[in-house]
Amino acid sequence: MFMKKITVFLIMLQAISFTVKGQDENISNQLQDENKLKISGELLTDERFLLKENNEWAWNENRLTMKLEKRITEHSKFHGEIWMRNIGLPGPVASSDLYNKGIVDPYNLEIREANIQLYGFLTKNLDLKIGRQLIAWGTADKINPTSNLNPFDMEDVLDFGRQRGSDAIVANYYISGDFFLQGVYIPFFQPANLPLGIFANALNPEMTLSEGMTLKGFSDTLQMPAFNIGESSTAGFRFKGYTKGIDFSWSYVWGYDGLPVTKKNTFVPADLYGGVNINSRLSFMRAHIIGTDFATGIAGIGFWGEAAVFIPDKNLIMTNDLSALYPLSPEPVTRDTTLADKPYIRFIIGADYNFSDGSYLNVQYLNGFMHERGKNLDDYFFMRYEKRFFNDRLKIAPVGGAFIITDWSRINDNHAIAYIPQVSYNATPDIEITMSAAIFDGKGDNLFTNLKDYDMFMFRMKYNF
Amino acid sequence: MKVMIQKAVNTALVIAVSMLSVFSQDAGALLKKMDDVMFSPKDMTGKMRVVMIGKNGKQDIREALIQQKGTDKRMFRFTSPASQAGIAILSLPNDIMYLYLPAYGRERRIASSAKNQNFAGTDFSYDDMESKSYSEKYTPKLVNTEVKAYVLELTPKAASDYSKIVVRVNKTEYYPESMDFYDRGNNKIKTAAYTFKKADKYWNASEIEMTNLKTNRKTRMQTSDVKYDTGLTDDDFTVRKLKQL
């Protein structure tokens with residue numbers, strides 16, 4: 001009898017241990033699955049040709065994006081994003097260039113992000129993110145005047161607001177569910193990269209010379225900040241919160257403007273007929289940037305706004321050295337402080353609405369694009385209307401683009417328009433084909449007028465995996 | 001004689017009003033019982049599979065993880081297809097919604113008019129997905145009693161895309177068996193068929209099949225791995241969590 005009881009007890013114990021072991025294995029397998037390196041990504045083909053005679057190719061890009069995610073522990077994670085690209089058109093100009101694959105078939109590799117995230121570091125309210133990362137500030141759609149930590153990636157001027165990753169340490173301290181404080185430190189300054197190909201001169205203002213002078217040649221020297229802790233680093237903090245139905249933030253950045261400014265132009269006579277060569281010395285401007293933003297909803301309409309005050313660290317004085325032309329020029333040296341000698345504000349406001357028929361409207365007004373400074377801030381009006389059909393498979397945006405006014409007192413001669421209608425179709429849930437056009441027109445010196453000879457058709461195919 | 005007729009009419013009126021009141025009270029109690037079945041867990045986590053079936057039978061499948069606390073806090077994170085994986089929506093009280101797009105690395109407050117549209121391309125509206133109790137949103141009326149179900153007609157208390165919803169409530173367990181949705185022109189536009197299964201101590205809608213009568217499309221929303229009352233806190237429904245993939 002006793003033995004029988006022991007046998008029953010042992011069988012029950014074994015049964016329980018099997019059950020517990022089974023559960024443990026399930027949990028262990030689940031954790032192992034969650035902790036595996038996850039690879040996902042995107043293949044993008046982006047081809048554009050000009051609509052004018054000969055239909056020259058304007059853009060060629062094949063981009064493979066690899067996204068890597070690995071949960072290290074319950075409270076830590078690795079994240080990476082790499083772009084591997086063929087971009088641009090073959091550009092050999094001599095037979096020796098045919099030995100260079102980078103010229104024959106231009107390619108590049110870009111580590112967009114590679115960082116470790118630590119949640120609840122030292123205290124449960126502190127999250128840290130260390131490594132290359134994108135630090136997205138602001139509430140507006142794509143164009144964020146308060147987002148000045150990462151360098152601008154202006155390679156494709158039609159991809160408004162794109163930035164590159166920075167090597168940084170970011171700490172977020174959560175005061176409560178509704179408020180947090182963010183501190184950012186970026187040890188090295190990275191300048192913005194300028195537009196490629198046909199867009200190369202889109203951001204360059206017209207150069208005006210004194211009467212009788214003709215530009216024969218131009219060269220420049222770029223002075224980078226010294227690479228030490230004091231000179232090259234950028235720091236910023238932000239207080240973000242939510243109260244009474246409004247998301248808001250206040251921010252401060254002690255950083256650099258990623259686009260260089262001219263400090264000195266040296267004019268050298270090139271001939272006896274007024275021709276000159278100009279040698280420019282460029283450097284990057286330190287600035288205090290104080291920002292604020294908000295987002296809210298009223299009667300179903302989403303509203304947002306951002307403003308950033310740029311306070312140059314030092315008065316920027318551009319010197320024109322005309323001594324080589326003196327006494328033909330009235331003065332040997334002139335000084336110009338019109339670029340950025342006083343604080344200036346870039347701001348944006350916008351709204352969006354979703355209609356019950358599946359359509360969507362988004363409007364924004366921007367004062368000052370990312371390359372504009374001081375008094376030379378233009379007014380931009382952006383608008384996009386799109387409608388979705390067939391379970392969101394087909395998306396048509398008949399209205400999209402921007403309107404610029406550079407001088408309200410002489411609008412007829414100082415305006416521009418970029419009309420960018422678009423049709424997207426999801427051939428499968430993971431393959432999206434987009435066709436669009438970009439039509440530019442305008443007068444005066446501004447971003448889109450500079451592109452008015454480049455109306456183009458654009459084809460994109462995106463595959464997510 | 002006149003006085004007698006007057007008394008009879010008054011009595012009949014009182015009885016009629018009383019009966020209406022009893023029906024109305026019964027309808028209210030029935031709807032409350034249905035709400036208790038649908039919304040009694042303190043919190044819920046689970047997986048959701050959304051199968052969208054076109055007129056030609058072609059299927060699109062989306063999968064997501066869902067977390068919910070009470071009736072007004074919800075986190076919805078897509079896991080497939082790859083083009084949507086990582087996109088997350090946080091719904092908070094007072095019509096506040098945030099959308100997180102991993103490609104931009106930032107959360108974005110979305111206009112509450114997004115509720116006007118279908119949820120993620122399905123035949124469910126954001127309103128259908130809302131977990132607010134039906135008693136809060138609708139005034140019920142008992143319109144029929146079938147062998148196995150009560151039939152309630154729900155009229156919205158506030159502005160809505162629907163003029164009414166006709167719901168069949170199971171007589172023994174009080175979960176909804178089906179719902180018919182009527183537009184403002186009183187045309188039946190959608191119908192939902194519910195499959196309830198008991199998970200732990202709660203009844204769970206393991207599948208809802210919504211048929212759009214205008215487009216002849218169907219959406220099946222299936223839940224699995226559902227866990228109730230796991231102790232989710234308000235901290236699990238914050239922008240901080242939204243960005244932690």
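On a 1 Å grid over the protein atoms alone, a cavity is a set of points where a 1.4 Å probe fits but cannot get out, and its lining residues have an atom within 4 Å of a point. Grid points are joined across faces, edges and corners, and a volume is the space filled by probe spheres set on the points. This is a predicted model, where local features need pLDDT of at least 70, side-chain atom pairs count only at pLDDT 80 or more, and totals for chains, interfaces and linings use all residues. Residues are numbered from 1 along each chain as its sequence is written, chains are lettered from A in the order in which they are written, and side-chain values use heavy atoms, with hydrogens and water left out.

**The search**
- Looking through the whole structure turns up 4 cavities of 30 Å³ or more.

**The largest cavity**
- Its volume comes to about 690 Å³.
- Of the 36 residues lining the largest cavity, Met38(B), Phe39(B), Gln68(B), Arg74(B) and Ile208(B) lie nearest its centre.
- Strand S12 (residues 202-212) of chain B supplies the largest share of that lining, 5 residues; strands (E, at least two residues) are DSSP runs, numbered from the N terminus.
- The lining splits into 21 nonpolar, 6 polar and 9 charged residues (Ala, Val, Leu, Ile, Met, Phe, Trp, Tyr, Cys and Pro are nonpolar, Asp, Glu, Lys and Arg charged, and the others, Gly among them, polar).

**The second largest cavity**
- This one has a volume of about 260 Å³.
- It has 25 lining residues, with Asn148(A), Asn150(A), Tyr256(A), Asp257(A) and Gly258(A) nearest its centre.
- S10(A) gives the most to this lining, with 3 residues.
- By class, there are 16 nonpolar, 7 polar and 2 charged residues in the lining of the second largest cavity.

Definitions and conventions
1 Å grid on protein atoms, 1.4 Å probe; cavity = no way out; pocket = protein on both sides within 12 Å on 5 of 7 lines; lining within 4 Å. Helix = DSSP H or I, 4+ residues; strand = E, 2+ residues; numbered from the N terminus.
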